[in-house]
Amino acid sequence: MEDLKLVGLKSHDCHVLMQQLLPVAIRGILPKNVREVITRLCIFFNSICQKVIEPNTLNDLENEAVIILCQLEMYFPPSFFDIMVHLIVHLVREIKICGPVFLRWMYPVERYMKILKGYVKNPYRPEASIIERYIAEEAIEFCTEYLSDVEVIGIPKSRHEGRNEGKGTRGVKVVRKDQHEVLQAHFYILNNTNDVIPYIDSHKSLLKSTNPRANEKWLLIEHNKTFMKWFKEKISQEDCDVEHLKWLARGPNFDVITWTGYDINMLSFYTKVEDDKSTMQNSGVTLEAKSMHFSSSKDNNPIMASISYYGVIEEIWEVDYIKFRVPVFKCKWVDINTRVHVDELGFTLVDLKKVSYKEDPFIMAYQAKQVFYVNDPSNKRWSIVLQGKVKHDGHDHDESTLNLIDTPSLLRRIPPTNDEVDNDEVHATRNDHNEGIWENILTLPQ
Amino acid sequence: MLPTRHYEAKKILCPMGMEYQKIHACPNDCILYRKEFETLTKCPRCGVSRFKVKDDDMDEDNMKKGPPAKVLWYLPIIPRFKRLFANVNDAKNLVWHANGRKSDGLLRHAADSPQWKKIDTLYPQFGSDPRNLRLGLATDGMNPYGNLSSKHSSWPVLLIIYNLPYWLSMKRKYMMLSMMISGPKQPENDIDVYLSPLIEDLRLLWDEGVKVFDAHGNDNFNLRALLFCTINDFPAYGNLSGYSVKGHYACPICEENTSYHQLKHGRKTCYIGHRKFLRRNHSYRRLKKAFNGCQEDKIAHPPLTGEEVYERVCQVNVTFGKILKKPIMKNIWKKNSIFFQLPYWAKLDVRHCIDVMHVEKNVCDSIIGTLLNIKGKTKDDVNSRKDLVEMGLRLELQPQAYGKRTYLPPACHTLSKVEKKSFVHASAKLKYHKDTLQILRVLSQWKI
């Protein structure tokens, strides 16, 4: 512990550390005010690095930078404030005038230098070999424009390319599943297929007209029970000519193809079991859904609300409808009433041990968004939810598809704090421990 | 058929390759051997030979030929722009900012920014044709010899085209290497000497423009280009802008109004006093003990505009070169930057961008170093405590001597051993996505 060295942390590591990990790592340590200001600094950096920025928020961000620096001045020694810390004040001004940061930062330039460095073959004339190879590459690059069947130099290809519609990546197995479960998945798929929705509505209104006195909850249960059968009959009666619907109505095959890894929407998902073997985490999912929200099992008047559900993938299925397959994730969901809460800084905490919604474990694969669960160091029971990355790269973009909501952010908002403090006190010592620093220095302080 | 030999491959590629110019330079960065100096064999300023001289060879004849002592490689930009426009796809992408962009008031691209729009209104003729290019210039020192501890530093100059869609403009294919300043020494303040061919081309592209065939629109047009901003780390920021980014007035935006404090024991300058950026009646301004012992009533000055900067630098005369003994300059502006030769340069609000990457990295390093008390990285050591005593602040923290050792009482950011453990464990045991793997490797090396 005495001679720790911070070696090998590259710029991008610091970026990730600052943007995602530091606020989590300092939870539960440090006095509250110091922790808060570091967290706010991280959130500040995260929000200025966003790819899409709302211009109205920039004034607030500029003030936020100043307040963060003032607070740092309260707690940290003067030698902390080198010129780099001071420059934080001016960052927002440049965004205001010149646009988003990601077009003006050095990451691509530094990466380019790495490539140029690799061009050096003759160490006696490093610059000459860089130029010669650059010219050669330029020429080849020019040729690739006019040749078919070649890949372009210098534009990376996403490894998800061609897999956007979903593709299993590992651990394929065909398993005969319990009928009840498959029908559950089938029902979920029906509920989330656009073509089926008019049928759902008509079935619901049919139920309502036949049972005018029933309450919402009873109707929902009854609908869930009888819809599948009704839908099948309806489709065969109507002699519907949409191929897709016909096969859907016939119902699924009970032999289900399962995967342990699946790529969809530029994201990779693993099952929990596969994840435990891996060094990365790919099993966390979240689903933002408009759904009937029952605040308790006795609640008969649900409210429609948009709620984020958090869960972990247990199994990945491709439900087989003979002509086509539909990928669904079978997940363990966390009870959003009691096991999810948002703390005062705006982090979402979940308790992954308590599972609920066992009767409805499925989601469509395309709906899933990735999240990461990180154990909360201040409280073992809870895990912190970190938003997953949404990739925008890839040259198959025809139009700008950046949306404000899709950009990953640490928190959606800057946590509110009371900056207007009037009690003038010195923030110097820590009271909760007295482990100062010992230094072997012969000269005495004067 | 693939060529069997390297020589053959080169022969095939040769007619397709673009041209480049080798411009000889004075090894002390005084001049480039071009234009009026084209035929000289000796630098007119410092008298050093244009060619490499062997130590024992003092013969006059040998001084007139041989390999050049220092070379600037210039890859002319105009033919490269012509080639870009000759390709249908690229030409289409180059007008993306006018045609394909979503404009809903959010900042997504440099084209959404006020500076872009300001250029459009100031120079309506330039702004009216979306094919006119707006460029970013990035430069940084790099060591071409792997990780050897050699100090050799070459400076590539890259151009970024902001007309392209944001998912392409920073990609390797579209970042143009326009110049390579060879080492071994850094050009530092004399980088202007080397940039001159590029700036001349940029002036030509601004003043007159070049006839270019546009494959997308299928017509000839007059291409003009503008330098939108430069991207640099902070030392290079100083070299390009001509501002001295060291010393008391290190901040190029606050300029003379930078608030600094010279630390006696730490022997550094620190830049405190950020309360002056707060609004006039903010309660922090009234606090005394929590900050530096007094109330703050200064107000931050608005940053200098381009014209004001130009006023300050237009009188500064410098002779470039490393050997000449320079008079010690009191002026914080070191030179009249070559960019001011571009007529529009003084009109831009942000000419040089502060690089967020370096700021973030350095701040992150300082925070982690201070929190974990890593030797050499921590900002909280005996000297900084002594400085606090000197400033008369937070006297509870003053170092206490116990025989040979000195005890620094815990400050509010000092971690206890348990907390350090918790910090390292929390970050080292994360399972996250692949960006973090490197960090985990580093963190897991920290043994407690």
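Biologist: What is the order of the three strands in the open sheet of chain A?

Modeller: Bear in mind that this is a predicted model. The order is S1-S4-S5 in chain A, and the pairing is antiparallel.

Biologist: Why is one side of S1 and of S5 left without a neighbour in the sheet?

Modeller: Strands S1 (167-170) and S5 (267-270) of chain A are at the edges and have a single partner strand each, so one side of each has no neighbour in the sheet. From one strand to the next, the twist averages 30°.

Biologist: How many bridges join S1(A) to S4 of chain A?

Modeller: Three, and S4 covers residues 261-264 of chain A, running antiparallel to S1(A).

Biologist: Okay, let's zoom out. How is chain A divided into domains?

Modeller: Domain 1 spans 1-156, domain 2 is made of 162-177 + 258-392, and domain 3 takes 179-253. Taken over C-alpha atoms, the centres of domain 2 and domain 3 of chain A are 25 Å apart.

Biologist: And how many residues does each of those two domains bring to the contact?

Modeller: Domain 2 of chain A brings 16 residues and domain 3 of chain A brings 17. Here residues count as touching when their C-beta atoms, placed from the backbone, lie within 7 Å.

Biologist: Which elements give two or more residues on the domain 2 side?

Modeller: Strands S7 (303-320), S8 (325-334) and S12 (362-364) of chain A do. S7(A) gives the most, with three residues.

Note on methods:
Residues numbered from 1 in each chain as written. Chains lettered and ligands numbered in written order. Predicted model: local features only at pLDDT ≥ 70, side-chain atom pairs only at ≥ 80, totals over all residues. Pairing = 2+ DSSP bridges. Helix = DSSP H or I, 4+ residues; strand = E, 2+ residues; numbered from the N terminus. Axes fitted to C-alpha atoms, helices over the stretch in contact; angles between N-to-C directions. Domains from an automatic or database assignment.
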